[in-house]
Amino acid sequence: MTATGCRSSRTGSGRSAISPTPSTSRVRSCRCAWSYGISRARTSSAPNSGRSWKNWTGIRARALIDGATVDRAALDRALGTVIDPEIRRPIADLGMIDSVTIDGGSVTIRIKLTIVGCPAADRIEHDVREAASAVAGVTEVAVDVAVMSVEERTALTERLQGARRREVQFGPDTPTRIVAITSGKGGVGKSTITANLGAALAAKGLKVGIVDADVFGFSIPALLGVSDEKPTRVGELMLPPIGFGVKVISIGMFLPGPATAVSWRGPMLHRTIKQFLSEVYFDELDVLLLDLPPGTGDVAISIGQLLPHAEVVVVTTPQTAAADVAERSGIVARKTGQRVIGVVENMAGLPQPDGTVLDLFGTGGGADAAARLDVPLLMSIPLSLALREGGDAGDPVVLSHPDDPAARAILALADVLVS
Ligand SMILES: Nc1ncnc2c1ncn2[C@@H]1O[C@H](COP(=O)(O)OP(=O)(O)OP(=O)(O)O)[C@@H](O)[C@H]1O
């Protein structure tokens, strides 16, 4: 996969599925790269003081005159709170704090970013400065920003992969709950439900990832407001963008624009899904959601082969004809060894202002499919303008309008899934 980072590298054997054209392989601009280079940003800071600059310089002078010095342990504790926003671990644990020098109240911290053009550079530098400034006795903070060497980056990625280094991250022994949202029928709301479910679970404090396995009809990035974001390449790993607390990977992040069509045969699709599951750094997840394409074709079979221990939720509309088709995805999932845990009926009756309900797509499809698959009907989600608008805006309705009937149903579905 050569997709990301200013220094992408080719890994693995065979043709990379997600580097379809040269233009798709650039993921991050080198914004903070050598313009940052090894930059030194020395600023005096008067944390939490609210004092004027004049007063502050006076205090600084006094501190130096008094020979006051900064407690190294306190400084380390403060720096230990700085989290890499992409990897989501303390930068100290990631080996990103190269050195710390204390001279009276003056502190110089040298940090090493993972890659040239690290998109999180500004945030990390800011957080380091803020953390150090808050330590008693610190009067001046300088942050030197450098970039890890290849060896350091390799050591980091190996540490991140750790013992879990294997072909597919979420093997049978994984503690991560894997739930594939599927339907034999198109347009029933799989992606909308997946994105909202992910946001709802993340809002509950769970660590959530979504693999957008709908390679031809990807829409998860837009639904979670990260359609302009790209994964960051760190050595052999890719750090997925995060939308509403959910780590997201989608083929859409590797294409020049949303109007680009993907038209691949089965082996290419399989390689793509496999790369998503092996090269994207999700870290420990509580829940991994997979948004499957409609139908029972290549991707469904690949997911079945790669993650035979995944649980499957079948989505249908209340329409009987739709339920018949939707049900087939459950049958195929079972053939690959996956467990169908239930049916979700979407686009159920639309509540009207006069209190009546408009059953635009009929009734009973969800219950029918559930009965035929011999699984519970987990939830019935009504038609909702707010849900559709939230999808279009990349703003999940479960967070923006949690009282909307569809949002309430999806939040309840999240409860059912984690219970
Ligand atoms: N409960 C709902 N109320 C109103 N609109 C909805 C609802 N659920 C989904 N939609 C809308 O229906 C359309 C199809 O939804 P979505 O793309 O999530 O379906 P899908 O099953 O993932 O489609 P595909 O088969 O193409 O992958 C979208 O415009 C979405 O906003």
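Here are a few notes on this predicted model, starting at the ligand and moving on to the backbone and the packing.

1. The ligand shell. There are 21 residues around the ligand, and the ones that come nearest are Gly186, Gly189, Lys190, Ser191 and Thr192. If you want to find the shell by secondary structure, look at α5 (190-203), β13 (339-348) and α11 (385-393), each of which supplies at least two of its residues.

2. What the shell is made of. Sorted by class, the residues around the ligand come out as 10 polar, 8 nonpolar and 3 charged. Bear in mind that Gly is counted with the polar group here.

3. Most residues other than glycine have a negative phi. Phe244 is not a glycine, yet its phi is positive, at about 50 degrees. You'll find Phe244 in the loop between β9 (242-243) and β10 (246-250). Is Phe244 buried or exposed? Phe244 counts as buried, because it has 22 C-beta neighbours inside 10 Å, and the cut-off for buried is 20 or more.

4. Asp283, another one to check. Asp283 also isn't a glycine and has a positive phi, this time of about 60 degrees. Asp283 sits in the loop between α7 (266-279) and β11 (287-291). With 15 other C-beta atoms within 10 Å, Asp283 is partly exposed; that label covers counts between the exposed limit of 12 or fewer and the buried limit of 20 or more.

5. Strands β2 (residues 97-103) and β3 (residues 106-113) run antiparallel and are joined by 6 bridges.

6. How α2 and α3 cross. Two packed helices are described by the angle between their axes and the distance between the axes. For helix α2 (residues 72-79) and helix α3 (residues 121-133), the axes come within 8 Å and the crossing angle is roughly 145 degrees. What is the hand of the crossing of α2 and α3? The crossing is right-handed.

7. What meets at that crossing. From α2, the residues are Leu75, Ala78 and Leu79, and they meet Val128, Ala131 and Ala132 in α3. By class, the contact of α2 with α3 has 6 nonpolar residues, with no polar and no charged ones.

Definitions and conventions. Residues numbered from 1 in each chain as written. Predicted model: local features only at pLDDT ≥ 70, side-chain atom pairs only at ≥ 80, totals over all residues. Near = placed C-beta within 6 Å. Helix = DSSP H or I, 4+ residues; strand = E, 2+ residues; numbered from the N terminus. Pairing = 2+ DSSP bridges. Axes fitted to C-alpha atoms, helices over the stretch in contact; angles between N-to-C directions. Left-handed = near helix turned anticlockwise from the far one by under 90°. Contact = placed C-beta atoms within 7 Å.
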